[in-house]
Amino acid sequence: YEIRLSLVGSEMCIRDRAVIAMLNKQMTRAEKIKYCAAARWSIYIFMIFVSVIILNIGKGVKPVYLIPLCICICMNEGEYTAAFLGGICGLLLDFSFGRIFGYSSILMIAFCVASVLFFKHYLLQNVLNIIWMTALFTAVYELLDYFFMYAMWNYEGTGYILREISFPCIAYTTLVSPVIYLLIKPVLKRFYPKRAKTIEEAMKI
């Protein structure tokens with residue numbers, strides 16, 4: 001009986017050590033998640049900053065870089081993070097385009113949250129989905145901007161605005177979306193943590 005009890009005790013010690021090791025790994029993983037999030041968002045902020053600078057340099061029709069950038073960022077983020085990101089990027093677009101503060105934020109929040117839901121429940125994360133979503137969201141953004149800023153006031157030459165500014169902007173933004181996706185993809189691969197194994201899954205190995 002003494003031998004059996006010692007064997008049972010040894011088995012319990014082995015299990016306890018495995019559980020303690022898993023808890024230590026979980027603590028290490030928590031630190032790794034914080035590091036990855038900080039690195040990931042530092043890169044995102046830099047890319048947003050560069051996009052805003054490009055929008056404000058020079059004249060002419062330019063892509064709305066922040067739309068595909070937000071779509072790519074939101075592929076792996078939650079709804080609240082996406083809404084916050086959309087609100088900030090919307091304010092930056094209002095600043096860049098000279099719109100009333102908050103106008104673009106409403107649209108960008110809707111775009112970002114929609115991106116999260118689409119990729120979470122319906123879509124695969126690939127370049128084709130990024131392209132058509134960019135085309136759709138940019139078209140909505142540009143056509144609403146055209147209507148509220150020009151068409152509804154019956155300004156002269158509104159057809160020129162639509163033909164020479166709105167449509168080219170949609171096309172340019174759609175064309176640049178694969179490039180932005182290719183820039184974001186390695187960031188996600190390097191700095192987005194994989195799902196941690198549970199204690200039960202680890203004990204089976």
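**Figure 1. The buried side of helix α3.** The buried residues of α3 are A82, L85, G86, G87, C89, G90, L93, D94 and S96. Please keep in mind while looking around that this is a predicted model. An α-helix has 3.6 residues a turn, so residues three or four places apart point the same way. Just past the end of α3 sits G98, whose phi is positive at about 70 degrees.

**Figure 2. The whole chain, for orientation.** Before the next close-ups, here is the setting. The protein chain has seven helices and zero strands, and from the N terminus its elements read α-α-α-α-α-α-α. Of the 205 residues in the chain, 36% are buried. Taking contacts between residues at least 6 apart in sequence, 70% link residues at least 24 apart.

**Figure 3. Helix α4 and the helices it packs against.** From its first C-alpha to its last, α4 reaches 28 Å, close to the 27 Å expected for its 19 residues at 1.5 Å a residue. Which residues of α4 are buried? They are Y103, S104, S105, L107, M108, F111, C112, S115, V116 and F119. The buried residues of this helix pack against α2 (66-74), α3 and α5.

Figure 4. I71 belongs to helix α2. With a relative accessible area of 2%, I71 falls under the 20% cut-off and is therefore buried. Leaving out residues up to four places away in sequence, I71 touches S115, F119, I130, M133, T134 and F137. The C-alpha atoms of I71 and F111 are 7.6 Å apart, although 40 residues separate the two along the chain.

Figure 5. A pair of aromatic rings is described by the distance of the centres and the angle of the planes. The structure holds six aromatic pairs. In one of them, the ring centres of F111 and F137 are 4.6 Å apart and the planes meet at 10 degrees, so this pair is stacked. Because F111 lies in helix α4 (residues 103-121) and F137 in helix α5 (residues 127-149), the pair ties together parts that are 26 residues apart in sequence. Both F111 and F137 are buried. F147 and F148 make an edge-to-face pair, with 5.2 Å from centre to centre and 75 degrees between the planes. F147 has 41% relative accessibility and counts as partly exposed; F148, at 36%, also counts as partly exposed. Elsewhere, F118, Y122 and W132 form one aromatic cluster.

**Figure 6. The second largest pocket and its lining.** Rolling a probe the size of a water molecule over the atoms shows where empty space is left. The second largest pocket holds about 390 Å³ of space. Its lining is made up of 19 residues, and G60, F97, R99, E142 and I165 lie nearest the centre. Which elements give two or more residues to this lining? They are α3 (79-97), α5 and α6 (158-191).

Figure 7. Is T173 buried or exposed? T173, a residue of helix α6, has a relative accessible area of 0% and is buried. Apart from neighbours within four places in sequence, T173 is in contact with P63, V64, P68, T134 and T138. L182 also has its place in helix α6, but L182 is exposed, with a relative accessible area of 58%. The C-alpha atoms of L182 and N126 are separated by 9.9 Å, with the two residues 56 apart along the chain.

**Figure 8. N154 in the loop between α5 and α6.** Most residues other than glycine have a negative phi, and most peptide bonds are trans. N154 is not a glycine, yet its phi is positive, at about 55 degrees. This residue is found in the loop between α5 and α6. N154 has a relative accessibility of 69% and so counts as exposed.

Key:
Residues are numbered from 1 along each chain as its sequence is written. This is a predicted model: local features need pLDDT of at least 70, side-chain atom pairs count only at pLDDT 80 or more; totals for chains, interfaces and linings use all residues. Side-chain values use heavy atoms; hydrogens and water are left out. Rings of Phe, Tyr and Trp (its six-membered ring) pair if their centres lie within 6.5 Å; planes under 30 degrees apart count as stacked, over 60 as edge-to-face and the rest as tilted. Helices (H or I, at least four residues) and strands (E, at least two) are DSSP runs, numbered from the N terminus. Buried means under 20% relative accessible area, exposed over 50%, partly exposed in between (1.4 Å probe, protein chains only). On a 1 Å grid over the protein atoms alone, a cavity is a set of points where a 1.4 Å probe fits but cannot get out, and a pocket is an open set with protein on both sides within 12 Å along at least five of seven lines; lining residues have an atom within 4 Å of a point. Grid points are joined across faces, edges and corners, and a volume is the space filled by probe spheres set on the points. Contact means heavy atoms within 4.5 Å. The expected span of a helix is 1.5 Å times one less than its number of residues.
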